[in-house]
Amino acid sequence: MTRQPPSSYLQRIVRAPAVRALLIQCGAAPLSLGLIYLLATFRFPVDYLTVAVVHGLVAAAITWRAGLAVWWRAIEFVFPLAVLAALSLRLPPWLFLAVFLVLLGLYWSTFRTQVPYYPSHPAVWDAVRQQLPPPRADGRPLRVIDIGSGLGGLVTYLARARPDIECVGIELAPLPWLYSRLRAAVGGGRARFLLGDYEKLDFARYDLVFAYLSPAAMGGLWRKASAEMCPGSTLISYEFAIVDRAPDQTIHATDDNAPLYKWYF
């Protein structure tokens, strides 16, 4: 696979909604200060709460003009108020650093991928197991990968339920990946876990690709799968469909009625 040039990668980072929201917060500062100056000129009482509210309103207005999703407007408005509230608590600085590091390890580059942590549950794992073909007559193992494997529940379950398959999970966030590795080591199963971005994998190596991502990621997933997956392989997505390509099969196999979508290659 060809590597993206640095400029292309940087453009993707800047286009990420979370990064745009951060830039909007920074860009709203000069206009907010100008409005605060006008309020003070007209002898309007100005305090830190007033500054936070004005800054939040300005940032929310810019977010609306920039066309970001509706919930970003609320986030932009609340953010300066949350900062003010946190400062009023007078918490030790190391606590903020600790929380930041934990969240960083858990979510990592969610700001770029737009794929938050979506945990699946045992009913989904068993539904995926039921979609696996029987063992091959020639003894070759079925190669299965869970992209964005989280805490590794699906991979460890399939590795125990079907010891004849090669089951791999790949996770971008360090803390879930580390938990998965420890889980596999303690359980003694054949599950394997990779730390990295599934976009850098070659899907041609796998017979079945499972995804539980987010609507924002499905278009890119389909482009990658259609370019790389081999004839006879299968792509399964839980809950989220692909807009540009209707599934070949839709299966309602769990009590919450969220479907499994299947595409055959």
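Visitor: Which side chain meets that of Arg-129 in a salt bridge, and what is the N to O distance?

Guide: In this predicted model, local features need pLDDT of at least 70 and side-chain atom pairs pLDDT 80 or more, whereas totals for chains, interfaces and linings use all residues. Numbering starts from 1 along each chain as its sequence is written, and side-chain values use heavy atoms, without hydrogens or water.

The partner of Arg-129 is Asp-126, and the N to O distance of their salt bridge is 2.7 Å. Here a salt bridge is a side-chain nitrogen of Lys or Arg within 4 Å of a carboxyl oxygen of Asp or Glu. The count by this rule comes to 7 salt bridges. Arg-129 and Asp-126 both lie in helix α7 (residues 122-131), where they are about one helical turn apart because 3 residues separate them. Helices are DSSP runs of H or I of at least four residues, strands runs of E of at least two, numbered from the N terminus.

Both partners also belong to the contact between α7 and helix α8. The axes of α7 and α8 (residues 153-161) come within 10 Å and cross at roughly 50 degrees, so α7 is oblique to α8. Axes are fitted to C-alpha atoms, for helices over the stretch in contact, with angles of 0 to 180 degrees between N-to-C directions; under 35 is roughly parallel, over 145 roughly antiparallel, 65 to 115 roughly perpendicular, the rest oblique. From α7, Trp-125, Asp-126, Val-128 and Arg-129 meet Gly-153, Leu-154, Tyr-157, Leu-158 and Ala-161 of α8. This contact of α7 with α8 comprises 6 nonpolar, 1 polar and 2 charged residues. Contact means heavy atoms within 4.5 Å; Ala, Val, Leu, Ile, Met, Phe, Trp, Tyr, Cys and Pro are nonpolar, Asp, Glu, Lys and Arg charged, the others, including Gly, polar.

Two other helix pairs share α4. Helix α3 (residues 48-66) packs on α4 at about 160 degrees, with the axes 8 Å apart, so α3 is roughly antiparallel to α4. Among the residues making this contact are Tyr-48, His-55 and Trp-64 of α3, together with Trp-72, Arg-73 and Glu-76 of α4. By class, the α3 contact with α4 has 13 nonpolar, 3 polar and 2 charged residues. Helix α2 (residues 17-41) packs against α4 (residues 70-88) at about 45 degrees, with 11 Å between the axes, so α2 is oblique to α4. On the α2 side, Pro-17, Ala-18, Ala-21, Ile-24 and Gln-25 meet Trp-72, Glu-76, Phe-79 and Pro-80 of α4. The contact of α2 with α4 divides into 7 nonpolar, 1 polar and 1 charged residues.

There remains the sheet. It is open, with 7 strands in the order β3-β2-β1-β4-β5-β7-β6 and mixed pairing; strands pair if DSSP finds at least two bridges between them. Its edge strands, β3 (192-195) and β6 (249-251), each pair on one side only. From one strand to the next, the twist averages 20 degrees. Strand β2 (residues 166-171) runs parallel to β3 and is joined to β3 by 4 bridges, and Ile-170 has Leu-194 of β3 as its bridge partner. Helix α9 (residues 174-187) packs on the sheet and touches β2 and β3, its direction making about 160 degrees with that of β3. Helix α10 (residues 218-228) also packs on the sheet, touching β1 (143-147), β4 (208-211), β5 (234-238) and β7 (260-264); the direction of α10 makes about 170 degrees with that of β5.
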